[in-house]
Amino acid sequence: MRDPILYPFYADIGSLPGVGPKVKPVLARLIGGETLLDLIFHLPVSWIDRRNRATIDSVQIGEVATVTGVVDKLDHARNKLPARVRLRDDTGFITLSYFHANKQWLERTFKIGESVIASGTVGEYQGARQMAHPDHVVPADGDADLPEVEPVYPMTANLTAKALRKFMAAALEKVPDLDEWIDPHLLARNHWPTFNQALLRLHQPKVYDPDGFHIARQRLAYDEALAREMAMGQARLARERRHAPAIPRALGAERSIVEALPFKPTRAQLDAYSDVAIDMGRPIPMRRMIQGDVGSGKTLVAALAAAQVGAGGGITAFMSPTEVLARQQAEAVGRFLKPVGMRVAALTGRDKGATREKILDDVRAGKIQVLSGTQALYQSDVDLPDLALVVIDEQHRFGVTDRLKLTAKGQSPHMLVMSATPIPRTMALAVHGDLDISMIREKPANRQEVTTAAVPDTRIDEVIAAVSRAVDRGERAFWICPAVDSEDAGDASAIQRRDVLSSHVRAPVELVHARMPPPDRDTALERFRAGEAGVLVATTVIEVGIDVPEATIMVIEHAEKFGLAQLHQLRGRVGRGDKASSCLLLYQTPLTEGGKERLDILRKSTDGFEIAEADFRLRGPGDLLGLRQSGLPTFRVLDITQDTPLIETARTDAKSILMADPQLEGARGQAVRKARDLFAPRIASTLPETVED
Ligand code: ADP
Ligand code: MG
């Protein structure tokens, strides 16, 4: 239950004066929500210092300046020319220009011979200084009406900065006084203002103080970090109070599986499994994430976990994002578990009627130990009383509800999630701190390095010829296009490219894209996997999981348009067998400096963690879209790529708060609870366990 003192934060922006049915959707889209909380966390990106009072001859083009001058001349708009107002002082002239200005307003505001203050960005027109649409014009004695320091917000069309400032002021008035939740020493050490002061300093600054703005923002970022750490810490405590069946490690089964492998498992794989085995051996529900780059062999770890569960008489549900992946994983896990006589079945949306019944009967009868499927696994008629382990593959493709619905199928199953989004450890903790994390940083020893080259698309004919020769040698190639049809990608559309390649390559060329019906997609993929097709043209639907060891070439068109992490995932589809593989990044010329730098990183590194770090560095702060694409949650203020020290402090703080007062009943606990609840809606949508007091 939320404390009523927080209710004003959740009031609808429509309740603010001036936010009517027309304005509301515009404002809501800008601030990404409909509550006052969303509004007050729409923070300025910079501030304008209007104390820069200058004589007219000293203002610089490109600067924001505030000048006082006498109205010398007023020309109304005509022949597509704007209305022009000339101001003069002792040093010179400057022109203010207005397109589509109201005539009466102009005459009222600018009376010849009277003095005004104008503030805005100085530009140039035909060699003379001018201010186009000044931000403010006030009578010379109206100095008090002019904000000295003005916040600059990310803006949208159909909403003026002035209107936004007005709404913000109205919202800030509604913000209640809250007890301080930050430790007093920490507050003092960082010179942090209170929560309310921080908001006021950012939105309605009295003085221009860049350091002060930074400090205020840090305080709010810390609040968000602390809220998240509290929620994660409490989720963890709640879990540790719950009971789950302790499943003993099955050393015999483990040995049989490992001995039958056609390869030697890496140390990292065995260590990761060992973490899992220990977790499941305890009578509380496991929540572990295996983080490992593409091709690091996460499936084997999951298979060993499933064997431990199977040996104890339990069932494992293994969820993948697509039917193809679910079937591929059923096959892979089935192969790993064969030596111990355990069986794996695929269960997807396409298995209906009698087939489906048979599979479920076999599960109930204990003939099948692992069910590999899609979301179909948690449909209502699936009954899994002995469900002891839930494995979520490619976790970033699933929402929290998917995980909850699947775990709800059992009494209190253990959960293992697998992620191929390699992020630095501090970031991983900030995002997944409610989970225990095992990292696989080592690649299987037999892996061929993938040679990566960036090639201008003017040389596409050579690339087609190379693909064609490789197919003649019995190898297979992926060809990734940025879009399905030519409206979006011209020649580089998947459909066109398939046609071109078909006429050059002496083997069938298959096509998969997101707009095809899933069964057709599966058929095409299957034909490529089985070797009946030599080339698979695809959009990025192919990105996750697909394992075709015979594929040796990955061509990516318009590579400059993809994110680094995504390119790395795509490249991870080749180099899985024993043949040398290559990845060709086709780019459109001319390539920007940034584009070149990004492709260079891929050429030089095949380490997913290294690439992820470079990616975050190059994107810089505030690239929320990029974060979302990597499956990472976004925050209101906190920037997990930059604010790691804040996050670490918050973690320590949250731990000690929970240690001293696990129920958050003391004065500090009560205060912290409000911070947590303030940010809770966003946090809850990214944590598998919800917090309830
Ligand atoms: P990912 O971590 O991307 O899910 P997979 O589990 O699909 O990787 O493994 C990729 C491929 O590598 C599979 O064909 C798998 O059988 C194989 N593999 C797994 N572990 C090893 C190993 N230690 N040595 C060699 N090959 C391995
Ligand atoms: Mg995988």
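The protein chain exposes about 30900 Å², and carbon and sulfur atoms supply 51% of that area. Accessible areas come from the Shrake-Rupley method with a 1.4 Å probe, and for residues only the protein chains shown count as cover. The model is predicted: local features need pLDDT of at least 70, side-chain atom pairs count only at pLDDT 80 or more, and totals for chains, interfaces and linings use all residues. Residues are numbered from 1 along each chain as its sequence is written, chains are lettered from A and ligands numbered from 1 in the order in which they are written, and side-chain values use heavy atoms, with hydrogens and water left out.

**Overall build**

The C-alpha trace of the protein chain spans about 95 × 70 × 45 Å along its principal axes. Its secondary structure comes to 24 helices and 21 strands; these are DSSP runs (helices H or I, at least four residues; strands E, at least two), numbered from the N terminus. Of the 693 residues in the protein chain, 54% are buried, where buried means under 20% relative accessible area, exposed over 50%, and partly exposed in between (1.4 Å probe, protein chains only). Among contacts with a separation of 6 or more, 73% join residues 24 or more positions apart; a contact means heavy atoms within 4.5 Å.

**Ligand 1**

Ligand 1 is surrounded by 18 residues, and the closest are Gly-295, Lys-298, Thr-299, Arg-447 and Asp-547. A residue is near a molecule if one of its heavy atoms lies within 4 Å of it. The shell divides into five nonpolar, seven polar and six charged residues. In this count Ala, Val, Leu, Ile, Met, Phe, Trp, Tyr, Cys and Pro are nonpolar, Asp, Glu, Lys and Arg are charged, and the others, Gly among them, are polar.

| Residue | Polar atom | Distance to an oxygen atom of ligand 1 |
|---|---|---|
| Gly-295 | backbone | 2.7 Å |
| Gly-297 | backbone | 3.0 Å |
| Lys-298 | side chain | 2.9 Å |

On its own, ligand 1 has 560 Å² of accessible area, and the protein covers 88% of this.

**Helix α9**

Helix α9 (residues 267–280) has 14 residues and reaches 20 Å from its first C-alpha to its last, close to the 20 Å expected at 1.5 Å a residue. The expected span is 1.5 Å times one less than the number of residues. Buried residues of α9 include Ala-268, Tyr-273, Val-276 and Met-280. The buried residues of the helix pack against α8 (251–260), β9 (287–292), α10 (298–311), β13 (387–392), β14 (414–419) and β15 (436–440).

**Backbone exceptions and a buried lysine**

Most residues other than glycine have a negative phi, and most peptide bonds are trans. Asn-79, in the loop between β2 (64–75) and β3 (83–89), has a positive phi near 45°. Asn-79 is exposed, with a relative accessible area of 67%. Glu-394 also has a positive phi, of about 50°, and is found in the loop between β13 and α13 (400–407). Glu-394 is buried, with a relative accessible area of 8%. The peptide bond from Thr-589 to Pro-590 is cis, with omega near -10°; Pro-590 lies in the loop between β21 (581–587) and α20 (593–604).

Lys-674 lies in helix α24 (residues 667–684) and is buried, with a relative accessible area of 13%. Leaving aside neighbours within four places in sequence, Lys-674 is in contact with Asp-3, Ile-5, Leu-6 and Leu-178.

Methods:
Polar contact = N/O pair within 3.5 Å; in protein donor to acceptor, adjacent residues only side chain to side chain.
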